[in-house]
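Colleague: Before I use this model, I would like to know what stands behind the words used for it. Please show it and take me through them.

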Amino acid sequence: MKKWVYLFEEGNASMRDLLGGKGANLAEMVNLNLPVPPGFTITTEACLTFLHNNNTFPEGMWTQTLNGIKQLGQKMGREFSDTKDPLLVSVRSGSRFSMPGMMDTILNLGLNDESVNALASKADERFAWDAYRRLIQMFGKVVMDVDGLLFEEIIEKIMEAEGVKSDPEISPAGWKQVVEEFKALIERESGQKFPQDPFEQLESSVKAVFKSWNNKRAIDYRNATGISHDYGTAVNILTMVFGNVGWDSGSGVAFTRSPSTGKKDFYGEYLFNAQGEDVVSGARTPSEVHHLKDEMPAIWEQLLEIAKKLENHYREMQDIEFTIENSKLWMLQTRTGKRTAAAAVKIAVDMVNEGLITKEEAVARIETDHIDHLLHPHLDEKARQNAGLLAKGLNASPGAAVGNVYFDANTAEKMAKEYGQDVILVRPDTTPDDLHGMIAAKGILTQHGGRTSHAAVVARQLGKPCVAGCEAIKIDLKKRQFTVNGRIIKEGDTISLSGRRGEVYDRAIPTVAPSFDKMVELKVILEWADRISRLKVWTNADHPDQAIKARNYGAQGIGLCRTEHMFMGARTEKFQKAILSEQEDEFRHILYDVLLPLQHEDFYGIFKAMDGLPVIVRLLDPPLHEFLPSKEELLVEVTRMEAANETGPDYDEKTKLLNIVGSMKEYNPMMGLRGCRMGILRPELNKMQVKAIFEAACDAAKEGVRVHPEVMIPITSHVNELKQIQPLLKEVAEAVMAEKGIRIDYKFGTMIEIPRAAVTADQLAKVAQFFSFGTNDLTQMTFGISRDDAERKFLLDYVEMGILPKNPFRVLDVDGVGQLIAIAVEKGRQTRPGINMGVCGEHGGNPESIEFFHRIGLDYVSCSPYRVPIARLSAAHAAIKARENAPALHDD
């Protein structure tokens, strides 16, 4: 019979796919002789079979589970259903990848109306009834689907009646009353009684944990973090150990290094006389873990020793959960700790320096999202200092957020998605049910909770700023407002958060981008990444300041300089005059005497900024009408002037312009007279640009700048187009170098953005010295859709409906567009071995696409300056993955 259940001592860390991360790590801690309560794991395969079989346990699983319970009883000297000295267990989820709080847990299974009295007589009356109410509360919420807030309202009512402020202060009689009201609540809300049979409790709990794999918050979390929906969750059944027995007991969560900064310092929180969910729920504000050194020095030293052992064993920062029962330490979990982007980078660099991991492992551990988050903005310092500080809490997750306040996850999600608002989710404390609102929000503010609360952990994972434990604010969910020092902040009001400082401000404060120059550890990681990568990372830059920015980010060349952008803004009018000139002499005068000096200035600045690196300049690409007023606007103006009888020179000029624009109209201009076609029919445009490029390059070279200009001819579909235009342009280049008295290395190449160009790349390579793939237009041409129209009207619907896996303008369509590129690479190199090829479309900065570009042998990717660090890391990841997937070499 198939094995569905594994005792902890039967597993190990390598079995995480089968046992889930929690089960595998509990087994590994047993193997390391750490103090772990006895237990066993029901496999992820059992979960998937259950879900696929109409929520029915697979054959033999329940029998194996009962046998596991029997073995736990034998180890502990107790029986699960005994009413005198019962074995109590917890049922906890545990997927392959950590999903903090996203699925369900139930504690204290095995208690009922009889056994609670036996537990009270053996231990402590308050403890026993507290433990029983926890079981009923969790079981009612998770298994019987009773609203969790209804349970909390009963507890608050009892606390108010007894005049106490926290759970541990409630009397035994108070907990007894809570238990009775909880049972009545469950029967009233669900129509069923809380089950007294421990085995019924266990069976229902295991089913509920399996089902929780498909609850909304778990699905939302997997969607947000890219975890597959096909893994399922394991179920871990552990012997209960209690942190709420008394004041020599407690529970805590800790990290072997700071998950916020990465500093090598034991970091965490704990509560005396509490169970684990009290720490992470935020219902009580916990103590900083270093206080254990004074409160329980022996436990503190043992914790530090275990933390060091686990980190050295896993060679990774660990997130641990522990319980202290009657001054004895128990380990309930270890897993790779979630961390901020800054912490991830620092930890990776430090662990290399400590000899724990290699540089390649360090690079592989940094996610592209980490870099994205590191470049998140912070509040403008001057504006922050002048703003009124509203409240201060704990700096739970760094970053800055400005937005409108909303007090529940559903409203926050609605206002963000449907109305496009920037939202701050404000909650007393968050629960896993709030995840969709946290994803939608720009930042999170909680009244309660600490740095290891649910809000803090999930915010760090999502890269959202979070201020937690802000006890100065008093939230009134019914009035939809919070108050602080007499101030009332209502729903919809704007506030600003500084997650790094733990501060809340009562107005919108401008944000500023962080300084890349100061990110020392990140620059180290990216330097290591460059040594691993085969793909080079270039940038798309149209002006010298963009080139400087990109080079600062580590760009190794310019893969796309769009010359049409040099005619925008104040220069548009000058270019319009050239287009509209009716005499060739006037046309040439504007090109060479007015526009050429402007282009020379831009190219000269770019060459200086990219000293020693290649610069690919694309000749004018868009159709000329894009630089002219629209026909519709002109027609409206001319009609208005005619109606008002405004004749004269201005009317004549507008009418003339309307006729010219009308004569240039194309039904499909993106597939019309543009790129090399324009260059062939009106060659002076391209000749002027080449003259400007080479004059600037020669002038810079004379000053000692190492220039490598490469001229790109766009929209090529036939080799004869290149044969027509390229010799003319090469003649201009040679003439400039002769005039300047200096020779420089240069190339002419083409941009492949039409399917025909891709499949005839062997012919193009006879003329072109390099290829650059314009994947934006190539995707449009291949799919036969307009990017702008499609994204507005149907493309995103296609993705949601599953017709397309992803937006092909964001992530390369490997099966279609990708195959065209692969064909062009193969054919181009058959004709011209060693020809340089790269990508300059938006896909050049997309991690998934970069992996494909590495695989088919491109030489570089080019992206916007701000995507350069992400592309550098992605290129290294692609090289590492290719190495891992390469077939092993064996001796014959």
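Modeller: Two strands pair if DSSP finds at least two bridges between them. Strands are DSSP runs of E with at least two residues, and helices are runs of H or I with at least four, both numbered from the N terminus. The model is predicted: local features need pLDDT of at least 70 and side-chain atom pairs count only at pLDDT 80 or more, while totals for chains, interfaces and linings use all residues. Residues are numbered from 1 along each chain as its sequence is written, and side-chain values use heavy atoms, with hydrogens and water left out.

Colleague: What makes β7 and β8 a pair?

Modeller: Two bridges join β7 (residues 267-272) to β8. The cut-off is at least two, so the two strands pair, and they run antiparallel. E269 has E288 in β8 as its bridge partner.

Colleague: Why is D350 called buried?

Modeller: Buried means under 20% relative accessible area, exposed over 50%, and partly exposed in between, with a 1.4 Å probe and protein chains only. D350 has 16%, so the residue counts as buried. D350 lies in helix α13 (residues 341-353) and touches R257 and G262, leaving aside residues up to four places away in sequence.

Colleague: How do you know that both faces of β29 are covered?

Modeller: In a regular strand the side chains alternate between the two faces of the sheet. In β29 (residues 770-773), F770 and S772 on one side are buried, as are F771 and F773 on the other. Strand β28 (residues 747-752) is joined to β29 by three bridges in the parallel sense, with T750 partnered by F771. Four bridges pair β29 with β30 (residues 836-839), also parallel, and F773 stands opposite V839 there.

Colleague: What makes β21 mostly covered?

Modeller: Four of the five residues of β21 (residues 494-498) are buried. β21 pairs with β14 (residues 400-406) in the antiparallel sense over five bridges, and A401 stands opposite L497. Three bridges link β21 to β22 (residues 503-505), again antiparallel, with S498 opposite E503. β21 and β22 form a hairpin with four residues between them, and G502 in the turn has a positive phi of about 75°.

Colleague: How many residues of the chain are there, and what share counts as buried?

Modeller: The protein chain has 892 residues, of which 57% count as buried. The chain contains 36 helices and 31 strands. Among its contacts with a separation of 6 or more, 70% come from residues 24 or more positions apart.

Methods: Contact means heavy atoms within 4.5 Å.
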